[in-house]
Amino acid sequence: MTDKVNFHFDIDGDNFTSAGEASVRIKKLLREMGFSPDTIRRVSVAMYEGEINMVIHANGGSADVDVYGDRIEIILADKGPGIPDIDLAMQEGYSTAPDNIRSLGFGAGMGLPNMKRYTDDMRIESALGVGTTIYMTVKT
Amino acid sequence: MLRKVEKMKILKIKELLGAEILAGEDLIGGEVNSACCCDMMSDVLAFVKDQAVLLTGLCNPQVVRTATMMDMRCIVFVRGKRPSDDVISLARESGIVVLASEMRMYTACGILYENGLHGGEFQK
């Protein structure tokens, strides 16, 4: 089937406390749509890590979740500083997050690796000074 | 050789850790099948087992969101840390039991392990 259902969220970059609300919302919506707990967890964790990243690094952005018959696509777009070296950023443990973020429980350098871990496909487009868009697909 | 249990009741965790219950009184009869202790939330998110208990010294709403994402049943705040009311109400909304123990992390984990509750798998 080619029809899709789209859910759009604006991610507030000024509020670390509310970061993750969109992912919690998606989790509920996917549950109502009858997806398996495993699929729901994979989508919501990948999106949650992305949401946190956008708040930490990019002053927020947007998240679109497109639900198709056989897959769920997550598109996270920000107008942040961009990622200079994507291979390096993908390494577990590598982080550029400031110390204050680490004291909040993030910045362990696991965000992007976790997004890859939980999705079937992940693609990063990033331009310095322009922004980053991440495309992720979870097969259902 | 320590015996491993498949599941542990949240009520038993509360008793073993001398913990106070701050949210989810009605869910205290539930069970968990593994434990995870961490202050870095992305490390928790790399941990795959659901129906787990999270032991942490971190006290902000992201702890509850992380536990929600991973379908965890219970959060234990160790070292006498007390989460704020908004953290407690977020856990209540999410159906997660919140316990608070005076024990240090190492001790709390050791006691649960000794009583058969082990860690889950790490998904590569």
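From the N terminus onward, the elements of chain A follow the order β-α-α-β-β-α-α-α-β-β, a total of five helices and five strands; helices (H or I, at least four residues) and strands (E, at least two) are DSSP runs numbered from the N terminus. The structure is a predicted model, in which local features need pLDDT of at least 70, side-chain atom pairs count only at pLDDT 80 or more, and totals for chains, interfaces and linings use all residues. Residues are numbered from 1 along each chain as its sequence is written, while chains are lettered from A and ligands numbered from 1 in the order in which they are written. The model scores ipTM 0.90 and pTM 0.92. For chain B, the average pLDDT (the predictor's confidence in each residue, from 0 to 100) is 92, and 94% of the residues score at least 70.

The C-alpha trace of chain A spans about 40 × 30 × 25 Å along its principal axes. Of the 140 residues in chain A, 38% are buried; a residue is buried if 20 or more other C-beta atoms lie within 10 Å of its own, exposed if 12 or fewer, and partly exposed in between, with C-beta atoms placed from the backbone. Two residues are in contact if their C-beta atoms, placed from the backbone, lie within 7 Å. Among contacts in chain A between residues at least 6 apart in sequence, 61% connect residues at least 24 apart.

Helix α5 of chain A (residues 111-118) has A:Gly111, A:Leu112, A:Asn114, A:Met115 and A:Tyr118 as buried residues. Viewed down the axis of α5(A), these buried residues fall within an arc of 160 degrees, so they line one face of the helix; the arc is that of the directions from the helix axis to the C-beta atoms. The cover over the buried residues of α5(A) includes α2, α3 (86-89), β4 (121-127) and β5 (131-139) of chain A, together with α2 of chain B.

The contact between the chains takes 18 residues from chain A and 19 residues from chain B. On the side of chain B that touches chain A, α2 (41-45) and α3 (61-69) of chain B each supply at least two residues, and the largest share, six residues, comes from α3(B). By class, this side of chain B has nine nonpolar, five polar and five charged residues, where Ala, Val, Leu, Ile, Met, Phe, Trp, Tyr, Cys and Pro count as nonpolar, Asp, Glu, Lys and Arg as charged, and the others, Gly among them, as polar.

The largest nonpolar core has 75 residues, and those with the most contacts inside it are B:Val53, B:Cys74, B:Ile75 and B:Val76. Such a core is a set of buried Ala, Val, Leu, Ile, Met, Phe, Trp, Tyr and Cys residues joined through C-beta atoms within 7 Å. Helix α2 of chain A (residues 37-57) gives the largest share of this core, ten residues. Residues up to four places away in sequence aside, B:Cys74 touches B:Ile10, B:Ile13, B:Val32, B:Val53, B:Ile96, B:Val97 and B:Leu99.

B:Lys4, in the segment before β1 (8-9) of chain B, counts as exposed with 9 C-beta neighbours inside 10 Å. B:Lys4 lies 6.2 Å from B:Leu117, C-alpha to C-alpha, although the two are 113 residues apart in sequence. B:Gly110, in helix α5 of chain B (residues 105-114), likewise counts as exposed, with 12 C-beta neighbours inside 10 Å.
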